[in-house]
Amino acid sequence: MTILALSIYTAALPLYNSHSNPQNLTPRLSMSACFSRSPEPIFSHSRQPKMPTSIHSSRTDTARTAPFSRDPNGPQIDDHVFDYAKFCRPSFSDLVSCVPICENQPKTLNHDEDGGDLWLRLKDEARSDIEQEPILSNFYFSSILCHDSLASALANHLSIKLSNSSLPCGTLYDLFLGVVAGDQEIIKAVKDDLRAVKERDPACISYVHCFVNFKGFLACQAHRIAHKLWSQGRKILAILIQNRASEVFAVDIHPGARIGRGILLDHATGVVIGETAVIGDNVSILHNVTLGGTGKACGNRHPKIGDGVLIGAGTCVLGNVRIGDGAKIGAGSVVLKPVPPRTTAVGNPARLVGGKENPIRLDKIPSLTMDHTSHISEWSDYVI
(Lines give C-alpha, C1' and ligand atoms only; values in the text may rest on other atoms or scores of the structure.)
Protein backbone atom coordinates (compact mmCIF):
# COMPACT_ATOMS: atom_id res chain seq x y z
CA MET A 1 0.00 0.00 0.00
CA THR A 2 2.84 2.35 0.80
CA ILE A 3 4.46 1.78 -2.60
CA LEU A 4 1.09 2.14 -4.38
CA ALA A 5 0.37 5.44 -2.61
CA LEU A 6 3.81 6.71 -3.44
CA SER A 7 3.30 5.82 -7.10
CA ILE A 8 -0.01 7.68 -7.23
CA TYR A 9 1.52 10.69 -5.48
CA THR A 10 4.54 10.89 -7.76
CA ALA A 11 2.34 10.50 -10.85
CA ALA A 12 0.49 13.64 -9.84
CA LEU A 13 3.69 15.64 -9.51
CA PRO A 14 5.43 17.34 -12.43
CA LEU A 15 8.39 15.28 -13.62
CA TYR A 16 10.78 18.17 -13.19
CA ASN A 17 11.14 20.84 -10.55
CA SER A 18 9.95 24.05 -12.23
CA HIS A 19 11.58 26.20 -9.56
CA SER A 20 15.05 24.99 -10.34
CA ASN A 21 17.42 26.55 -12.81
CA PRO A 22 15.95 25.94 -16.30
CA GLN A 23 19.37 24.82 -17.45
CA ASN A 24 19.53 22.17 -14.73
CA LEU A 25 16.18 20.37 -14.83
CA THR A 26 16.21 17.61 -12.19
CA PRO A 27 13.58 15.11 -10.99
CA ARG A 28 11.61 16.17 -7.94
CA LEU A 29 11.98 12.77 -6.27
CA SER A 30 14.72 10.17 -6.48
CA MET A 31 13.12 6.77 -7.15
CA SER A 32 16.07 4.85 -5.75
CA ALA A 33 14.27 4.53 -2.39
CA CYS A 34 11.58 2.35 -4.03
CA PHE A 35 13.97 -0.21 -5.49
CA SER A 36 16.39 -2.64 -3.97
CA ARG A 37 18.93 -1.89 -6.67
CA SER A 38 19.74 1.26 -8.60
CA PRO A 39 17.37 1.52 -11.58
CA GLU A 40 18.30 2.61 -15.06
CA PRO A 41 18.00 6.37 -15.69
CA ILE A 42 14.50 7.50 -16.60
CA PHE A 43 15.87 8.96 -19.84
CA SER A 44 19.15 7.93 -21.38
CA HIS A 45 20.85 10.03 -24.04
CA SER A 46 19.75 7.69 -26.83
CA ARG A 47 16.15 7.39 -25.62
CA GLN A 48 15.54 11.01 -24.68
CA PRO A 49 12.34 12.22 -26.39
CA LYS A 50 12.83 14.77 -29.10
CA MET A 51 11.80 18.30 -28.28
CA PRO A 52 9.49 20.00 -30.78
CA THR A 53 11.20 22.57 -32.93
CA SER A 54 10.21 26.09 -31.96
CA ILE A 55 9.98 29.07 -34.24
CA HIS A 56 12.87 30.73 -32.40
CA SER A 57 15.20 28.27 -30.72
CA SER A 58 17.06 30.45 -28.28
CA ARG A 59 20.47 30.13 -26.66
CA THR A 60 18.72 28.74 -23.59
CA ASP A 61 17.41 25.74 -25.53
CA THR A 62 20.93 24.71 -26.42
CA ALA A 63 22.04 25.02 -22.82
CA ARG A 64 19.39 22.54 -21.77
CA THR A 65 20.85 19.85 -24.04
CA ALA A 66 24.42 20.33 -22.85
CA PRO A 67 25.58 17.50 -20.57
CA PHE A 68 27.74 19.85 -18.49
CA SER A 69 24.82 21.48 -16.68
CA ARG A 70 23.92 19.27 -13.72
CA ASP A 71 22.15 19.98 -10.49
CA PRO A 72 24.66 19.61 -7.64
CA ASN A 73 21.80 18.29 -5.45
CA GLY A 74 20.62 15.74 -7.97
CA PRO A 75 22.06 12.37 -8.99
CA GLN A 76 25.71 12.85 -9.94
CA ILE A 77 27.58 11.33 -12.87
CA ASP A 78 31.25 10.54 -12.64
CA ASP A 79 33.38 13.23 -14.23
CA HIS A 80 35.34 10.69 -16.24
CA VAL A 81 32.27 10.12 -18.40
CA PHE A 82 32.89 13.46 -20.13
CA ASP A 83 36.28 13.99 -21.68
CA TYR A 84 35.96 17.70 -22.28
CA ALA A 85 38.73 18.08 -24.81
CA LYS A 86 37.42 15.20 -26.93
CA PHE A 87 33.84 16.40 -26.57
CA CYS A 88 34.61 19.68 -28.33
CA ARG A 89 36.24 18.14 -31.39
CA PRO A 90 33.25 16.50 -33.15
CA SER A 91 30.94 18.43 -35.43
CA PHE A 92 28.18 18.50 -32.77
CA SER A 93 25.61 17.38 -35.30
CA ASP A 94 23.55 15.77 -32.54
CA LEU A 95 23.05 19.04 -30.65
CA VAL A 96 20.30 21.58 -31.09
CA SER A 97 21.43 24.42 -33.33
CA CYS A 98 22.06 27.74 -31.62
CA VAL A 99 20.70 29.60 -34.66
CA PRO A 100 17.02 30.48 -34.39
CA ILE A 101 14.76 29.56 -37.27
CA CYS A 102 13.17 32.61 -38.79
CA GLU A 103 11.94 33.59 -42.22
CA ASN A 104 14.18 36.64 -42.64
CA GLN A 105 17.41 34.87 -41.68
CA PRO A 106 19.94 34.34 -44.49
CA LYS A 107 20.25 30.73 -45.58
CA THR A 108 23.97 30.64 -44.81
CA LEU A 109 25.65 32.77 -42.20
CA ASN A 110 29.13 31.28 -42.21
CA HIS A 111 29.99 31.84 -45.87
CA ASP A 112 30.90 35.43 -46.62
CA GLU A 113 32.89 37.18 -49.27
CA ASP A 114 35.90 38.40 -47.38
CA GLY A 115 36.78 36.39 -44.33
CA GLY A 116 35.29 33.01 -43.56
CA ASP A 117 38.85 32.13 -42.67
CA LEU A 118 38.72 34.44 -39.64
CA TRP A 119 35.83 32.46 -38.17
CA LEU A 120 37.75 29.22 -38.77
CA ARG A 121 40.77 30.81 -37.12
CA LEU A 122 38.67 31.65 -34.06
CA LYS A 123 37.52 28.04 -33.75
CA ASP A 124 41.04 26.69 -34.17
CA GLU A 125 42.33 29.05 -31.48
CA ALA A 126 39.51 27.96 -29.17
CA ARG A 127 40.48 24.30 -29.60
CA SER A 128 44.11 25.17 -28.97
CA ASP A 129 43.18 26.97 -25.74
CA ILE A 130 41.18 23.93 -24.64
CA GLU A 131 44.24 21.73 -25.09
CA GLN A 132 46.19 24.06 -22.79
CA GLU A 133 43.36 24.61 -20.29
CA PRO A 134 40.78 21.79 -20.43
CA ILE A 135 38.84 23.45 -17.61
CA LEU A 136 37.72 26.08 -20.15
CA SER A 137 36.21 23.54 -22.55
CA ASN A 138 32.62 24.21 -21.51
CA PHE A 139 33.15 27.97 -21.82
CA TYR A 140 34.71 27.74 -25.28
CA PHE A 141 32.11 25.23 -26.41
CA SER A 142 29.19 27.50 -25.51
CA SER A 143 30.95 30.68 -26.70
CA ILE A 144 32.52 29.50 -29.96
CA LEU A 145 32.48 25.84 -30.90
CA CYS A 146 28.75 25.10 -30.78
CA HIS A 147 28.00 27.92 -33.22
CA ASP A 148 28.07 27.72 -36.99
CA SER A 149 28.84 31.38 -37.66
CA LEU A 150 30.51 34.46 -36.24
CA ALA A 151 27.11 36.17 -36.11
CA SER A 152 25.64 33.47 -33.90
CA ALA A 153 28.65 33.39 -31.57
CA LEU A 154 28.69 37.18 -31.20
CA ALA A 155 24.95 37.37 -30.54
CA ASN A 156 25.26 34.64 -27.92
CA HIS A 157 28.26 36.17 -26.15
CA LEU A 158 26.78 39.67 -26.02
CA SER A 159 23.41 38.37 -24.86
CA ILE A 160 25.04 36.63 -21.91
CA LYS A 161 27.07 39.71 -21.02
CA LEU A 162 24.16 42.17 -21.22
CA SER A 163 21.35 40.08 -19.77
CA ASN A 164 19.95 40.46 -16.28
CA SER A 165 17.05 39.06 -14.26
CA SER A 166 14.44 41.08 -16.15
CA LEU A 167 16.15 40.95 -19.56
CA PRO A 168 16.70 37.26 -20.40
CA CYS A 169 19.68 36.29 -22.49
CA GLY A 170 17.48 34.16 -24.76
CA THR A 171 15.43 37.22 -25.69
CA LEU A 172 18.56 39.28 -26.33
CA TYR A 173 20.11 36.48 -28.38
CA ASP A 174 17.18 36.35 -30.77
CA LEU A 175 17.21 40.15 -31.08
CA PHE A 176 20.98 40.43 -31.59
CA LEU A 177 21.16 37.61 -34.11
CA GLY A 178 18.31 39.09 -36.11
CA VAL A 179 20.20 42.39 -36.35
CA VAL A 180 23.68 41.00 -37.02
CA ALA A 181 22.67 38.26 -39.44
CA GLY A 182 20.50 40.68 -41.38
CA ASP A 183 23.32 43.16 -42.06
CA GLN A 184 26.54 41.82 -43.57
CA GLU A 185 28.18 45.23 -43.15
CA ILE A 186 28.09 44.69 -39.38
CA ILE A 187 29.85 41.34 -39.75
CA LYS A 188 32.52 42.91 -41.95
CA ALA A 189 33.04 45.65 -39.37
CA VAL A 190 33.30 43.05 -36.58
CA LYS A 191 36.05 41.25 -38.48
CA ASP A 192 37.92 44.50 -39.15
CA ASP A 193 37.68 45.35 -35.44
CA LEU A 194 39.07 41.94 -34.52
CA ARG A 195 42.01 42.43 -36.87
CA ALA A 196 42.60 45.94 -35.54
CA VAL A 197 42.87 44.76 -31.95
CA LYS A 198 45.10 41.82 -32.83
CA GLU A 199 47.48 43.94 -34.93
CA ARG A 200 47.70 47.07 -32.75
CA ASP A 201 47.41 45.85 -29.17
CA PRO A 202 50.49 43.92 -27.98
CA ALA A 203 48.43 42.58 -25.06
CA CYS A 204 46.15 40.66 -27.44
CA ILE A 205 47.51 37.14 -27.83
CA SER A 206 44.86 35.77 -30.21
CA TYR A 207 41.64 36.60 -32.02
CA VAL A 208 39.60 34.40 -29.71
CA HIS A 209 41.21 36.14 -26.72
CA CYS A 210 39.89 39.45 -28.03
CA PHE A 211 36.48 38.03 -28.91
CA VAL A 212 35.70 36.60 -25.49
CA ASN A 213 37.64 38.90 -23.15
CA PHE A 214 38.20 42.43 -24.51
CA LYS A 215 35.42 44.69 -23.31
CA GLY A 216 36.41 47.49 -25.69
CA PHE A 217 35.75 45.18 -28.63
CA LEU A 218 32.49 43.91 -27.12
CA ALA A 219 31.28 47.41 -26.27
CA CYS A 220 31.91 48.48 -29.87
CA GLN A 221 29.89 45.55 -31.22
CA ALA A 222 27.05 46.23 -28.78
CA HIS A 223 27.03 49.79 -30.12
CA ARG A 224 26.81 48.55 -33.71
CA ILE A 225 23.68 46.62 -32.84
CA ALA A 226 22.20 49.56 -30.91
CA HIS A 227 23.00 51.94 -33.78
CA LYS A 228 21.24 49.66 -36.26
CA LEU A 229 18.13 49.64 -34.06
CA TRP A 230 18.38 53.43 -33.67
CA SER A 231 18.53 53.82 -37.45
CA GLN A 232 15.42 51.65 -37.79
CA GLY A 233 13.49 53.93 -35.43
CA ARG A 234 13.61 51.47 -32.51
CA LYS A 235 15.13 54.10 -30.27
CA ILE A 236 13.77 52.87 -26.94
CA LEU A 237 15.35 49.47 -27.44
CA ALA A 238 18.59 51.04 -28.70
CA ILE A 239 18.91 53.20 -25.59
CA LEU A 240 18.24 50.18 -23.38
CA ILE A 241 21.16 48.34 -24.98
CA GLN A 242 23.34 51.45 -24.60
CA ASN A 243 22.49 51.59 -20.91
CA ARG A 244 23.27 47.91 -20.33
CA ALA A 245 26.58 48.21 -22.23
CA SER A 246 27.48 51.24 -20.13
CA GLU A 247 26.74 49.34 -16.91
CA VAL A 248 28.60 46.19 -17.96
CA PHE A 249 31.57 47.54 -19.95
CA ALA A 250 31.92 51.07 -18.48
CA VAL A 251 31.76 52.41 -22.05
CA ASP A 252 28.99 54.89 -22.89
CA ILE A 253 28.41 55.28 -26.64
CA HIS A 254 25.17 56.92 -27.70
CA PRO A 255 23.37 54.72 -30.25
CA GLY A 256 23.09 57.69 -32.60
CA ALA A 257 26.88 58.00 -32.96
CA ARG A 258 28.35 56.72 -36.23
CA ILE A 259 31.46 54.57 -36.00
CA GLY A 260 33.57 53.20 -38.84
CA ARG A 261 35.47 49.94 -39.18
CA GLY A 262 38.80 48.78 -37.80
CA ILE A 263 38.21 50.44 -34.42
CA LEU A 264 40.41 49.82 -31.38
CA LEU A 265 39.05 50.87 -27.99
CA ASP A 266 42.11 50.04 -25.93
CA HIS A 267 41.14 49.20 -22.32
CA ALA A 268 38.04 51.31 -23.04
CA THR A 269 37.05 52.10 -19.45
CA GLY A 270 35.50 55.55 -19.22
CA VAL A 271 35.05 56.15 -22.96
CA VAL A 272 32.10 58.49 -23.63
CA ILE A 273 30.91 59.26 -27.18
CA GLY A 274 28.02 61.63 -27.84
CA GLU A 275 24.98 61.32 -30.09
CA THR A 276 26.16 63.26 -33.15
CA ALA A 277 29.80 62.14 -33.03
CA VAL A 278 31.26 60.55 -36.15
CA ILE A 279 34.33 58.30 -36.08
CA GLY A 280 36.11 57.24 -39.26
CA ASP A 281 37.87 54.00 -40.15
CA ASN A 282 41.01 52.60 -38.48
CA VAL A 283 40.78 54.83 -35.41
CA SER A 284 42.47 53.97 -32.10
CA ILE A 285 41.04 55.39 -28.87
CA LEU A 286 42.38 54.75 -25.39
CA HIS A 287 40.59 54.79 -22.04
CA ASN A 288 38.88 57.80 -20.42
CA VAL A 289 38.37 59.59 -23.73
CA THR A 290 35.36 61.89 -24.11
CA LEU A 291 33.95 62.94 -27.46
CA GLY A 292 31.36 65.31 -26.09
CA GLY A 293 29.54 68.58 -26.51
CA THR A 294 30.37 71.93 -24.99
CA GLY A 295 27.20 71.94 -22.90
CA LYS A 296 25.47 74.84 -24.64
CA ALA A 297 25.01 73.73 -28.24
CA CYS A 298 22.13 71.76 -29.73
CA GLY A 299 21.82 69.70 -32.87
CA ASN A 300 25.09 68.65 -34.49
CA ARG A 301 27.25 69.26 -31.44
CA HIS A 302 29.86 66.46 -31.17
CA PRO A 303 33.32 65.88 -32.67
CA LYS A 304 34.05 64.41 -36.11
CA ILE A 305 37.07 62.10 -36.05
CA GLY A 306 38.82 61.35 -39.35
CA ASP A 307 40.39 58.12 -40.55
CA GLY A 308 43.56 56.84 -38.91
CA VAL A 309 43.36 59.12 -35.85
CA LEU A 310 45.01 58.21 -32.54
CA ILE A 311 43.46 59.67 -29.38
CA GLY A 312 45.47 59.26 -26.18
CA ALA A 313 44.17 58.35 -22.75
CA GLY A 314 42.26 60.95 -20.75
CA THR A 315 41.60 63.21 -23.74
CA CYS A 316 38.52 65.42 -24.11
CA VAL A 317 37.44 66.57 -27.57
CA LEU A 318 34.51 68.93 -27.11
CA GLY A 319 32.14 70.48 -29.59
CA ASN A 320 31.50 70.05 -33.30
CA VAL A 321 35.19 70.15 -34.23
CA ARG A 322 36.98 68.18 -36.90
CA ILE A 323 40.04 66.02 -36.15
CA GLY A 324 41.72 65.54 -39.53
CA ASP A 325 42.76 62.23 -41.06
CA GLY A 326 45.92 60.78 -39.57
CA ALA A 327 46.07 63.26 -36.68
CA LYS A 328 47.25 62.44 -33.18
CA ILE A 329 45.91 63.79 -29.89
CA GLY A 330 48.27 63.45 -26.94
CA ALA A 331 47.14 61.94 -23.64
CA GLY A 332 45.34 64.30 -21.28
CA SER A 333 44.66 66.94 -23.92
CA VAL A 334 41.57 69.13 -24.13
CA VAL A 335 40.73 69.88 -27.76
CA LEU A 336 38.30 72.71 -28.49
CA LYS A 337 39.33 73.65 -32.05
CA PRO A 338 39.85 71.70 -35.30
CA VAL A 339 43.08 69.74 -35.71
CA PRO A 340 44.59 69.59 -39.24
CA PRO A 341 45.33 66.21 -40.85
CA ARG A 342 48.66 64.53 -40.05
CA THR A 343 49.43 66.82 -37.13
CA THR A 344 49.83 66.35 -33.39
CA ALA A 345 47.87 68.28 -30.77
CA VAL A 346 48.85 68.18 -27.09
CA GLY A 347 48.11 70.00 -23.86
CA ASN A 348 45.26 71.77 -22.10
CA PRO A 349 44.10 73.61 -24.09
CA ALA A 350 45.61 71.63 -26.95
CA ARG A 351 48.26 73.22 -29.20
CA LEU A 352 49.82 71.91 -32.38
CA VAL A 353 53.34 70.52 -32.15
CA GLY A 354 55.54 72.82 -34.23
CA GLY A 355 53.16 75.75 -33.97
CA LYS A 356 49.95 76.77 -35.65
CA GLU A 357 51.65 78.26 -38.70
CA ASN A 358 54.00 75.38 -39.47
CA PRO A 359 52.99 72.25 -37.55
CA ILE A 360 55.09 69.14 -37.82
CA ARG A 361 53.53 66.66 -40.24
CA LEU A 362 53.36 62.98 -39.37
CA ASP A 363 54.78 60.61 -41.96
CA LYS A 364 52.98 57.53 -40.59
CA ILE A 365 49.40 56.78 -39.63
CA PRO A 366 49.39 57.14 -35.82
CA SER A 367 46.43 54.85 -35.16
CA LEU A 368 48.37 51.99 -36.71
CA THR A 369 51.76 52.70 -35.16
CA MET A 370 50.24 53.49 -31.73
CA ASP A 371 53.23 55.79 -31.12
CA HIS A 372 52.37 58.25 -28.33
CA THR A 373 55.77 59.87 -27.83
CA SER A 374 57.08 60.89 -31.25
CA HIS A 375 58.23 64.52 -31.53
CA ILE A 376 58.12 64.88 -27.75
CA SER A 377 61.27 67.04 -27.82
CA GLU A 378 59.58 69.54 -30.14
CA TRP A 379 56.88 70.50 -27.65
CA SER A 380 58.20 69.78 -24.17
CA ASP A 381 61.44 70.18 -22.21
CA TYR A 382 60.01 68.15 -19.33
CA VAL A 383 62.66 65.92 -17.78
CA ILE A 384 62.89 63.65 -14.74
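**Close-up views of a predicted model**

**View 1. His 227 is partly exposed, with a relative accessible area of 21%.** Here, partly exposed sits between buried, under 20% relative accessible area, and exposed, over 50%, using a 1.4 Å probe and protein chains only. This is a predicted model, in which local features need pLDDT of at least 70, side-chain atom pairs count only at pLDDT 80 or more, and totals for chains, interfaces and linings use all residues. Residues are numbered from 1 along each chain as its sequence is written, and side-chain values use heavy atoms, with hydrogens and water left out. You will find His 227 in helix α10; helices (H or I, at least four residues) and strands (E, at least two) are DSSP runs, numbered from the N terminus.

**View 2. The largest nonpolar core has 82 residues.** Such a core is a set of buried Ala, Val, Leu, Ile, Met, Phe, Trp, Tyr and Cys residues joined through side-chain atoms within 4.5 Å. Ile 144, Phe 176, Phe 211, Ile 279, Leu 291 and Ile 323 have the most contacts inside it. Helix α10 (residues 215-231) gives the largest share, 9 residues. The core lies between domain 1 (117-250) and domain 2 (257-383), because both contribute residues to it; the domain bounds come from an automatic or database domain assignment.

**View 3. Five strands form an open sheet with parallel pairing.** Their order is β1-β4-β7-β10-β13, and two strands pair if DSSP finds at least two bridges between them. At the edges, β1 (252-253) and β13 each pair on one side only. Strand β1 runs parallel to β4 (residues 272-273) over 2 bridges, and Asp 252 stands opposite Val 272 in β4.

**View 4. The second largest pocket has a volume of about 370 Å³.** On a 1 Å grid over the protein atoms alone, where a 1.4 Å probe fits, a pocket is an open set of points with protein on both sides within 12 Å along at least five of seven lines; lining residues have an atom within 4 Å of a point. Of its 16 lining residues, Lys 337, Pro 338, Ala 350, Arg 351 and Leu 352 lie nearest the centre. Both β13 (334-335) and β15 (351-352) supply at least two residues of the lining.

**View 5. Asn 300 sits in the loop between β7 (290-292) and β8 (304-305).** With 47% relative accessibility, Asn 300 is partly exposed. Its C-alpha atom is 8.2 Å from that of Ala 277, 23 residues apart along the chain.

Conventions. Points joined across faces, edges and corners; volume = space filled by probe spheres on them.
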